[in-house]
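I opened this entry to keep track of what I looked up in one model. The notes follow the order in which I checked things.

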Amino acid sequence: FLLLGLGVDDSYVLVQAYHCTAESLPPEASVKDRLALTFKTAGVSIFFTSITDFIAFAVGASSSFPSVQGFCAYAATGVVFLFIHQLLFFGAFLALDAHREYSKLSWMWLMLGRGIFWSPRYNSEESPAN
């Protein structure tokens with residue numbers, strides 16, 4: 001449950017930073033610009049949270065108790081994989097959702113299975129307002 005809490009916290013930080021980019025960037029900003037600013041602001045927070053958690057669990061893995069050693073080694077490895085997951089997989093899904101948002105499609109299209117087969121309504125390098 002500890003790793004689940006860390007992963008959900010990182011997800012909330014990324015989503016909140018993505019929503020804040022709508023206010024700080026002009027309306028003609030592309031998905032690429034919004035995600036770059038999102039990871040520029042939230043990525044620092046996630047990095048330092050993950051590195052301090054990793055160091056704490058790595059130090060705990062040097063304990064003399066075998067059960068604490070195993071738990072801390074597992075948790076330190078899990079923190080590294082969570083950080084990679086947030087950058088690669090969650091970031092990719094956030095980009096897909098941003099494209100859905102810019103295409104002005106309802107979130108229910110994902111539920112109906114059309115998400116991967118969206119027709120290109122705009123170029124991701126251009127303004128979504130066009």
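**Surface and overall make-up**

I began with the surface: the accessible surface of the protein comes to about 8400 Å², and carbon and sulfur atoms hold 71% of that area. I note here that the model is predicted.

Next I looked up burial. Of the 130 residues of the protein, 33% count as buried.

I then went through the secondary structure. The protein has four helices and zero strands. Read from the N terminus, the order of elements is α-α-α-α.

I also checked how far apart in sequence the contacting residues lie. Among contacts in the protein with a separation of 6 or more, 62% join residues 24 or more positions apart.

**Helices α2 and α3**

I took the pair α2 and α3 next. Helix α2 covers residues 31–60 and helix α3 covers residues 66–102. Their axes are 9 Å apart, and the packing angle is about 175°. Angles over 145 degrees count as roughly antiparallel, so α2 is roughly antiparallel to α3. I sorted the residues of this contact by class and got 21 nonpolar, seven polar and three charged.

**Nonpolar cores**

Which residues form the largest nonpolar core? I found eight: Leu3, Leu6, Phe57, Cys72, Ala75, Ala76, Val79 and Leu82. Helices α1 (2–24) and α3 each supply at least two residues of this core. The most comes from α3, which gives five residues.

I followed one member, Ala75, through its contacts. Leaving out residues up to four places away in sequence, Ala75 touches Leu3 and Phe57.

Another core lies apart from the largest one and has seven residues. I noted four of its members, among them Tyr18 and Ala95, with Ala98 and Tyr102 also included.

**Ser30**

My last stop was a loop residue. Ser30 sits in the loop between α1 and α2. Is Ser30 buried or exposed? Its relative accessibility is 3%. The cut-off for buried is under 20% relative accessible area, so Ser30 counts as buried.

Ser30 and Ala98 are 68 residues apart in sequence. In space, their C-alpha to C-alpha distance is 9.5 Å.

Technical notes:
Residues numbered from 1 in each chain as written. Predicted model: local features only at pLDDT ≥ 70, side-chain atom pairs only at ≥ 80, totals over all residues. Heavy atoms only, no water. Buried < 20%, exposed > 50% of the residue type's maximum accessible area, 1.4 Å probe, protein only. Contact = heavy atoms within 4.5 Å. Areas by Shrake-Rupley, 256 points an atom, 1.4 Å probe, with all protein chains shown as cover. Axes fitted to C-alpha atoms, helices over the stretch in contact; angles between N-to-C directions. Parallel < 35°, antiparallel > 145°, perpendicular 65-115°, else oblique. Nonpolar A, V, L, I, M, F, W, Y, C, P; charged D, E, K, R; others polar. Core = buried A, V, L, I, M, F, W, Y, C linked by side-chain atoms within 4.5 Å.
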